[in-house]
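Work through the exercises below with the sequence and the model open. Try each task before you read its solution.

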Amino acid sequence: MGTHIRIVLVDDHDMVRQGIRTYLLTEADIEVVGEASSGAGAAELVQELEPDLVLMDLVMPGMDGVAATREVLRVRPETKVLVLTSFVEDDKVLPALEAGASGYLLKTVLGDELVGAIRKVFAGETVLEPAAAAKMLAALQKPKGLETGKFEALTEREQDVLRLLAEGLTNQAIGETLYIGIKTVKTHVSNILAKLGVEDRTQAAIYALKNGLVEADAKKE
């Protein structure tokens with residue numbers, strides 16, 4: 001790979017950080033540039049080191065992972081956050097994604113799956129543990145009512161792109177499905193984010209799911 005992914009590990013357990021760091025040392029394109037044991041420490045470290053990605057625990061003393069994700073993205077919006085936690089409760093999955101996390105994995109994930117998820121999130125994709133995806137979809141299964149003003153502001157093509165984006169397709173896959181170029185897809189995605197008033201693809205996907213634009217069983221791993 002020609003890319004080099006700089007990572008900050010955030011977990012209040014030293015052994016967890018050590019295990020992840022040791023495994024990632026074998027990957028030539030991934031470098032652990034810093035570690036934090038708290039949410040507050042994560043935000044400070046991200047501001048200092050400007051990493052590409054943060055592996056974020058959720059349950060920590062003081063500032064939890066959801067609040068830390070918001071703060072990390074406030075100080076450096078370019079940094080991606082991938083949640084790595086032991087918990088998949090209803091009150092954790094959706095808040096983490098709404099805070100701006102680009103992925104949600106359990107600590108039971110296999111090493112090669114974690115590496116693959118890191119690379120996908122770095123590339124701009126959203127990665128969800130199947131159990132986390134199920135929890136999120138269950139929470140969103142009852143639409144709160146379509147925000148017609150925002151949705152109707154999208155062109156027909158942008159609506160198509162939004163639905164495919166919410167199903168987890170990459171820009172390349174969306175382009176192949178709709179027979180349009182990847183640059184055109186990127187333009188549509190930028191327009192969608194602006195018209196919906198959201199900051200990233202994950203937020204746009206959540207909007208689509210909340211408003212019943214994608215069937216609950218349409219988004220599968």
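Buried means under 20% relative accessible area, exposed means over 50%, and partly exposed lies in between. The model is predicted.

**Exercise 1. An enclosed helix**

Task: Find which residues of α11 are buried, and work out what caps the N-terminal end of α11.

Solution. 
Step 1. Locate the helix: α11 covers residues 201-210.
Step 2. Apply the cut-off of under 20%. The buried residues are R201, T202, Q203, A204, A205, I206, Y207, A208 and L209.
Step 3. Draw the conclusion. Nine of the ten residues of α11 are buried, so the rest of the structure largely encloses this helix.
Step 4. Check the N-terminal end. D200 is the cap of α11, with a side-chain oxygen 2.8 Å from the backbone nitrogen of Q203.
Step 5. Look just past the helix. There, G212 has a positive phi of about 70 degrees.

**Exercise 2. Salt bridges across the chain**

Task: State how many salt bridges the structure holds. Then trace the pairs E35 with R21, D29 with R119, and E158 with K195.

Solution. 
Step 1. The cut-off is 4 Å from a Lys or Arg side-chain nitrogen to an Asp or Glu carboxyl oxygen.
Step 2. Take the total. The structure holds ten salt bridges.
Step 3. Begin with E35 and R21. Their closest N and O atoms are 2.2 Å apart. E35 sits in strand β2 (residues 30-36) and R21 in helix α1 (residues 14-24), 14 residues apart. E35 is partly exposed at 30%, and R21 is partly exposed at 28%.
Step 4. Widen the view. D14, R17, R21 and E35 form a network of salt bridges.
Step 5. Go to D29 and R119, which form a salt bridge with an N to O distance of 2.9 Å. D29 is in the loop between α1 and β2, and R119 is in helix α5 (residues 111-122), so this pair ties together parts 90 residues apart in sequence. D29 is buried, at 5% relative accessible area. R119 is partly exposed, at 26%.
Step 6. Finish with E158 and K195. Their closest N and O atoms are 2.9 Å apart. E158 belongs to helix α8 (residues 156-166) and K195 to helix α10 (residues 182-196), so the bridge joins parts 37 residues apart in sequence. E158 is buried, with 3% relative accessibility, whereas K195 is partly exposed, with 34%.

**Exercise 3. A cavity and an annotated aspartate**

Task: Describe the lining of the second largest cavity. Then place D57, which has a UniProt annotation.

Solution. 
Step 1. Count and size. There are two cavities of 30 Å³ or more.
Step 2. List its lining: L9, V10, D11, V16, I20, L55, M56, D57, L84 and K107.
Step 3. Assign elements. β1 (5-10), α1 and β3 (53-56) each give two or more residues to this lining.
Step 4. Sort by class. The lining has seven nonpolar, three charged and no polar residues.
Step 5. Turn to D57, one of the lining residues. D57 lies in the loop between β3 and α3 (65-75). Its relative accessibility is 3%, so D57 counts as buried.
Step 6. Read the record. An unreviewed UniProt entry annotates D57 as "modified residue: 4-aspartylphosphate". Such annotations may be inferred rather than shown by experiment.

Terms used. Residues are numbered from 1 along each chain as its sequence is written. This is a predicted model: local features need pLDDT of at least 70, side-chain atom pairs count only at pLDDT 80 or more; totals for chains, interfaces and linings use all residues. Side-chain values use heavy atoms; hydrogens and water are left out. Helices (H or I, at least four residues) and strands (E, at least two) are DSSP runs, numbered from the N terminus. Buried means under 20% relative accessible area, exposed over 50%, partly exposed in between (1.4 Å probe, protein chains only). On a 1 Å grid over the protein atoms alone, a cavity is a set of points where a 1.4 Å probe fits but cannot get out, and a pocket is an open set with protein on both sides within 12 Å along at least five of seven lines; lining residues have an atom within 4 Å of a point. Grid points are joined across faces, edges and corners, and a volume is the space filled by probe spheres set on the points. Ala, Val, Leu, Ile, Met, Phe, Trp, Tyr, Cys and Pro count as nonpolar, Asp, Glu, Lys and Arg as charged, and the others, Gly among them, as polar. A polar contact is a pair of N or O atoms within 3.5 Å; within protein, one must be able to donate a hydrogen and the other to accept it, and residues adjacent in sequence count only if both atoms are side-chain atoms.
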